[in-house]
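Please look through the sequence and the structure before reading on.

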2 protein chains.
Amino acid sequence: MTDFEQRCQSVASHFAENKVDVLLVASPANVRYLSGFDGSNGLILLTPSETHFFTDPRYATAAARYVSGKVHVAKGPLVNAATIVIKRKKLKKIGFEAAHTSVQASQRLKDGLPLGASLVPVVGLVEERRMVKSAVEIEKIRGSVRLNSEAYQRVIRRVRPGVRELDIAAEIEYQMKMLGAEKPAFDTIVAAKDRSALPHAHPTGYRLVGNELLLIDMGASLEGYSSDMTRTVHLGPPPKRIKQIYAAVLEAQLAGIDAVRPGATAGSVDRATRRTLKKYGMEKAFVHSTGHGLGLEIHEPPRLGKNDKTILAPGMAITIEPGVYLEGQGGIRIEDTVLVTSTGCEILTPTPKEFLSI
Amino acid sequence: MTDFEQRCQSVASHFAENKVDVLLVASPANVRYLSGFDGSNGLILLTPSETHFFTDPRYATAAARYVSGKVHVAKGPLVNAATIVIKRKKLKKIGFEAAHTSVQASQRLKDGLPLGASLVPVVGLVEERRMVKSAVEIEKIRGSVRLNSEAYQRVIRRVRPGVRELDIAAEIEYQMKMLGAEKPAFDTIVAAKDRSALPHAHPTGYRLVGNELLLIDMGASLEGYSSDMTRTVHLGPPPKRIKQIYAAVLEAQLAGIDAVRPGATAGSVDRATRRTLKKYGMEKAFVHSTGHGLGLEIHEPPRLGKNDKTILAPGMAITIEPGVYLEGQGGIRIEDTVLVTSTGCEILTPTPKEFLSI
């Protein structure tokens, strides 16, 4: 049995508890997980014994070559093609991904169903399977993380006053691709000075002048798998206050890593980083959650937020990324990708975390 | 009144015919169109007189700086925050974007609505407003198209046997960014030899050897606005058969451009390109539609497909991109971005279309 067939079978083994006979898989990442298809328009109808894959004519040749499952090429909305199979096979309880199916698509589906068939919303079934990575997936994430850190090293040593945020971002993404990545896993963040206080800043034409913070948040996609890393450096020797904030964020990040172990909840990791920042009176300046799972998507379950009850398990790949953001002054974030192991966790990101002054 | 306020007012002027009092705007491109917000998590509640914008704390500072409308920063699902405003203002008929709202989000909304309020699905209301571009938007598209062609010129002159598809794609995207683009508008396609027959091929590690087709489909995003261009070149002198196919595709592309005029339907442009390819017995090898609108999204209405009845109007920006794909042999596509004018159309793409042998 191939990896894809195994995954389909594992998902199908949960049909009974979800009260469905089949599942329509619409999320692109879930479709890729179950079939290998990496185009922009694919749909799967998963039965306990078969994987029906639907796409449009642009992908006919590619799908026939490498997609796992029975390929149907259709014109028009793919859900319409799926209802034809549903009718022919006389399927009744049709599960669909409620978080990834628009109201419009579900209405189309409903209109096309035969008498006696009904739609059943399903949430997170495939995503839950995806949380724990297989050995093959872990190798891909390792490769993606290594590549990402190598791209960072190549670029950071050439950063100096006079270059623009945009130049740095362009160079990072170029190096990723030259190292074999398909693309960045998300828009690279390069934010200098007070712009580092915007957690999701776009790079601008601002030219570095020296004596300022520089935050870089970057990730690569390699064979579909993501990496994610943030480093904050200082051009010139950092002032004392900035050093103190950096030390607090690093301490929080290490406390988060320390809290990662199988059996712990995702929420407990988030609380560990917050507790540390609270010691320094900085917890209010930490405006997002501590991290997130990553794999075929850059953000996938679990979410490492205060109240997340997901139990961490060996094979989960997650980020640990506390930050402190002071409007008008600047922000510092430190982020690694880590792997939950049977005894705790392994930090996959090899890039050093001492406060770098360049 | 600002551009954003004008756009909101124009959308709101269609509330009555859609039988809604307000509209929840969930599509990221529609949110950007109405508010300027370009982050990943935003929602608008548009009333006839107000724009309520919702986002999470990561974007609080950025939104306060540049988003048009009243900014609400919320933790958790944004629809929950929107229902609070709906209750306070005693709103009744709540329109929502059925094509951009998941079944899960609409259920959350429903659960949060006060007694007497109801959800009304709305499709395409903002997208229809977006089809005809304003003078400011046209200038941005012009800039994006120019930048894209300049990046192509910089790279194509350095293409030779020995380079990989991946190198070419990485160099194209690097040049785009150095010229000021935020990012590619889509994953750049660089497909050599028989891989050019896959309309949506990903670049691979394949090294050019010479005497082969090379298809490049690329677009930039500049200030949010897309460009889109495809050129197919031949390494070394092309065989006669390839020259014939190229000539047929170019004739089809020119016929498509010729059919673009205000008052014509989008479908008639598609039929014009197909008719030309049919003369040469190649219409079955043209497996996608003739083109699409572009703007804040790389694919937006109108779709230039056989049966599309959209009436073309001055200010629409569309692509014309017929192609012929022969499995195992190769594919040729030629694509320009054009602007519908009051008398016909203007080809925005400045890059020559003679068959280039390099």
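**Between the chains**

In chain A, 36 residues are in contact with 36 residues of chain B; contact means heavy atoms within 4.5 Å. This is a predicted model, in which local features need pLDDT of at least 70, side-chain atom pairs count only at pLDDT 80 or more, and totals for chains, interfaces and linings use all residues. Residues are numbered from 1 along each chain as its sequence is written, chains are lettered from A and ligands numbered from 1 in the order in which they are written, and side-chain values use heavy atoms, with hydrogens and water left out.

Chain A and chain B bury about 3300 Å² between them, 57% of it from carbon and sulfur atoms. Buried area is the accessible area (1.4 Å probe) that two parts lose on being put together, summed over both. R58(A), V103(A) and K177(A) give 18% of the area that chain A buries against chain B, more than any other three residues.

Four salt bridges link chain A and chain B. The term stands for a side-chain nitrogen of Lys or Arg within 4 Å of a carboxyl oxygen of Asp or Glu.

On the side of chain A that touches chain B, α3 (60–66), α5 (103–112) and α8 (165–178) of chain A each supply at least two residues. Helices here are DSSP runs (H or I, at least four residues), numbered from the N terminus. α8(A) supplies the largest share, eight residues. By type, this side of chain A has 16 nonpolar, eight polar and twelve charged residues. Ala, Val, Leu, Ile, Met, Phe, Trp, Tyr, Cys and Pro count as nonpolar, Asp, Glu, Lys and Arg as charged, and the others, Gly among them, as polar.

**Within chain A**

Chain A is assigned domain 1 (3–130) and domain 2 (135–357); the bounds come from an automatic or database domain assignment. The centres of the two domains, taken over C-alpha atoms, are 35 Å apart. Seven residues of domain 1 of chain A are in contact with nine residues of domain 2 of chain A. About 650 Å² is buried between these domains, with 50% from carbon and sulfur atoms. The rule finds two salt bridges across this interface.

| Salt bridge | N to O distance |
|---|---|
| K183(B) and D187(A) | 2.9 Å |
| E297(A) and R130(A) | 3.0 Å |

On the side of domain 1 of chain A that touches domain 2 of chain A, α1 (3–12), α2 (28–35) and α6 (125–131) of chain A each supply at least two residues. α2(A) gives the most, with three residues. That side of domain 1 of chain A divides into two nonpolar, no polar and five charged residues.
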